[in-house]
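Work through these exercises with the model in view. Try each task before you read its solution.

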Amino acid sequence: MPDPVLATPKLPLDQDGGPVFSEPWEARVFAMTVKAHENGVFSWSEWAETLGAELAKDGDGACLGYYDHWLNAFEALLSRKGVAAAGQLQGLRDAWDQAALATPHGEPIELKR
């Protein structure tokens, strides 16, 4: 039976059928999504539907990257399922952006509590 993760809408795959990532954050959000699914936060069909709806928004001229859509869909599902409020997610995103800007190139980014 095919892996439903690899059957995700428009998932970029390499020649061996594995997912392709351009940046480390893309691999991390992919892994977090798979882990959330494995822990019962949402079904894979819910994920595919949410991601598909997010990808369909690209017709509005925004032209986000694939994993930008993936992140938006993941955050939407976390909010919808009551795992994290949208305000919490935006706060984490803002904190991450500030930490990334303050971190010298090549150094690990650390969020301060």
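**Exercise 1. The largest pocket**

How do the residues of the lining of the largest pocket divide into nonpolar, polar and charged?

*Solution.* Start with the ground rules. This is a predicted model, in which local features need pLDDT of at least 70, side-chain atom pairs count only at pLDDT 80 or more, and totals for chains, interfaces and linings use all residues. Residues are numbered from 1 along each chain as its sequence is written, and side-chain values use heavy atoms, with hydrogens and water left out.

Step 1: sort the residues. The lining of the largest pocket has 12 nonpolar, 2 polar and 5 charged residues. Here Ala, Val, Leu, Ile, Met, Phe, Trp, Tyr, Cys and Pro count as nonpolar, Asp, Glu, Lys and Arg as charged, and the others, Gly among them, as polar.

Step 2: take the volume. The largest pocket holds about 670 Å³ of space. Its 19 lining residues include Met32, Leu71, Glu75, Arg93 and Trp96, the closest to its centre. A pocket is an open set of points on a 1 Å grid over the protein atoms alone, where a 1.4 Å probe fits, with protein on both sides within 12 Å along at least five of seven lines; lining residues have an atom within 4 Å of a point. A volume is the space filled by probe spheres set on the points, which are joined across faces, edges and corners.

Step 3: find the elements. Helix 1 (24-38), helix 3 (66-80) and helix 4 (86-102) each supply at least two lining residues. Helices are DSSP runs (H or I, at least four residues), numbered from the N terminus.

**Exercise 2. The second largest pocket**

List the residues that line the second largest pocket, then sort them.

*Solution.* Step 1: the lining consists of Glu23, Pro24, Trp25, Arg28, Trp96 and Ile109. Step 2: 4 of these residues are nonpolar, none is polar and 2 are charged. Step 3: helix 1 gives the largest share, 3 residues. The space comes to about 180 Å³.

**Exercise 3. A ring pair**

Describe the pair formed by Trp44 and Trp47.

*Solution.* Step 1: place the residues. Both lie in helix 2, 3 residues apart, about one turn of the helix. Trp44 and Trp47 are both buried.

Step 1: classify the pair. The centres are 6.1 Å apart and the planes 50° apart, a tilted pair. Rings of Phe, Tyr and Trp (its six-membered ring) pair if their centres lie within 6.5 Å; planes under 30 degrees apart count as stacked, over 60 as edge-to-face and the rest as tilted.

Step 2: widen the view. The rule gives 9 aromatic pairs. Ring pairs link Trp44 and Trp47 into a cluster with residues including Phe21, Tyr66 and Trp70.

Note on methods:
Buried < 20%, exposed > 50% of the residue type's maximum accessible area, 1.4 Å probe, protein only.
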